[in-house]
Amino acid sequence: MAKAKQKTAARATRATKIDIGITKDARGEIADGLSRLLADEYTLYLKTHNFHWNVTGPMFNTLHLMFEEHYTEAAAAVDQVAERIRALGFPAPGTYKAYASLSSIKETEGVPEWREMVAQLVEGHEACVRTARKVFPAVDESNDEPTADLLTQRMQVHEKTAWMLRSLLE
C-alpha cells in the first residue's frame with residue numbers, strides 16, 4: 001500500500017512540474033507582469049462597461065454601441081491573459097481588491113460627461129500599452145514567444161482603440 005502511494009505521489013509531482021524551457025523564476029517574473037496587465041485590462045473593461053451603461057448626450061448611440069464592442073473584446077482579452085498566467089504555472093489574480101492594488105488605471109467617481117468618458121478610456125488604453133510594454137524585457141530574455149505574441153496583440157488593440165477614441169475628441 002505504501003509503495004502505491006509513493007508511485008501516485010511521484011506521478012503527481014511529475015504532472016505538476018513545469019518544464020517549458022523557462023525557469024520558474026523567469027516564469028514568475030513574467031506572470032507578475034501579466035498580473036499587472038490583467039488588472040489593467042479588467043479595470044478598463046469595468047470602466048468601459050460602466051460608461052456603456054451611463055453615457056448620455058448627442059453621441060449616445062455611437063458611444064453606447066462602441067463601448068459595447070470594446071467591453072466585449074476586453075472580456076475575451078482578460079481570459080487570454082489570465083490563462084497565460086496559469087499556463088506559466090501561477091495563479092491569476094481574480095478579485096477587485098487584487099486588481100485595485102495591481103492596476104495603474106484608477107476607478108472613476110460618479111458619471112462624467114461623454115467627452116470625459118472618452119478621454120478616460122484613451123488614458124486607460126494607453127496605460128494598458130505601457131503595462132504590456134514593461135513585461136517585454138523578461139519575455140524577450142526568456143524567449144517566451146507565446147507571451148510576446150499575446151502582448152503584441154494586446155498592444156495593437158489598445159493602440160488602435162486609443163487612436164479611434166482620440167479622434168472623437170478632435
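Visitor: At what angle do H2 and H6 pack?
Guide: About 25°, in this predicted model. Their axes are 13 Å apart. H6 covers residues 145-168.

Visitor: Is that roughly parallel or roughly antiparallel?
Guide: H2 is roughly parallel to H6, because angles under 35 degrees count that way.

Visitor: And which hand does the crossing have?
Guide: H2 passes H6 in a left-handed crossing.

Visitor: Which residues make the contact?
Guide: On the H2 side, Ile 30, Leu 34, Leu 37, Glu 41 and Leu 44. On the H6 side, Thr 147, Leu 151, Arg 154 and His 158.

Visitor: How do those divide, nonpolar, polar and charged?
Guide: The contact of H2 with H6 has five nonpolar residues, two polar and two charged.

Visitor: Left-handed or right-handed?
Guide: The crossing of H3 and H6 is left-handed.

Visitor: What does H3 bring to that contact?
Guide: Leu 63, Met 66, Phe 67, His 70, Glu 73, Ala 77, Gln 80, Val 81 and Arg 84.

Visitor: And which residues of H6 do they meet?
Guide: Pro 146, Thr 147, Leu 150, Arg 154, Val 157, Thr 161, Leu 165 and Leu 168. Thr 147 and Arg 154 also belong to the contact with H2.

Visitor: What's the split by class there?
Guide: For H3 with H6, 10 nonpolar, four polar and three charged residues.

Visitor: New topic, aromatics. How many pairs are there?
Guide: A search of the whole structure finds four aromatic pairs. One of them is Tyr 45 with Tyr 71.

Visitor: Why is that pair called edge-to-face?
Guide: The ring planes of Tyr 45 and Tyr 71 stand at 80°, and over 60 counts as edge-to-face, so the pair gets that label. The ring centres are 6.2 Å apart.

Visitor: Where do the two sit in the chain?
Guide: Tyr 45 is in H2, residues 24-54. Tyr 71 is in H3, residues 60-87. They are 26 residues apart, and the pair links distant parts of the chain.

Visitor: Is Tyr 45 buried or exposed?
Guide: Tyr 45 counts as buried because its relative accessibility is 17%, and the cut-off is under 20%.

Visitor: And Tyr 71, buried or exposed?
Guide: Tyr 71 is buried too, at 13% relative accessibility.

Visitor: Which residues form the aromatic cluster?
Guide: Tyr 42, Tyr 45, Tyr 71, Tyr 96 and Tyr 99 form one cluster.

Terms used
Residues numbered from 1 in each chain as written. Predicted model: local features only at pLDDT ≥ 70, side-chain atom pairs only at ≥ 80, totals over all residues. Heavy atoms only, no water. Phe/Tyr/Trp six-rings, centres within 6.5 Å; stacked < 30°, edge-to-face > 60°. Helix = DSSP H or I, 4+ residues; strand = E, 2+ residues; numbered from the N terminus. Buried < 20%, exposed > 50% of the residue type's maximum accessible area, 1.4 Å probe, protein only. Axes fitted to C-alpha atoms, helices over the stretch in contact; angles between N-to-C directions. Parallel < 35°, antiparallel > 145°, perpendicular 65-115°, else oblique. Left-handed = near helix turned anticlockwise from the far one by under 90°. Contact = heavy atoms within 4.5 Å. Nonpolar A, V, L, I, M, F, W, Y, C, P; charged D, E, K, R; others polar.
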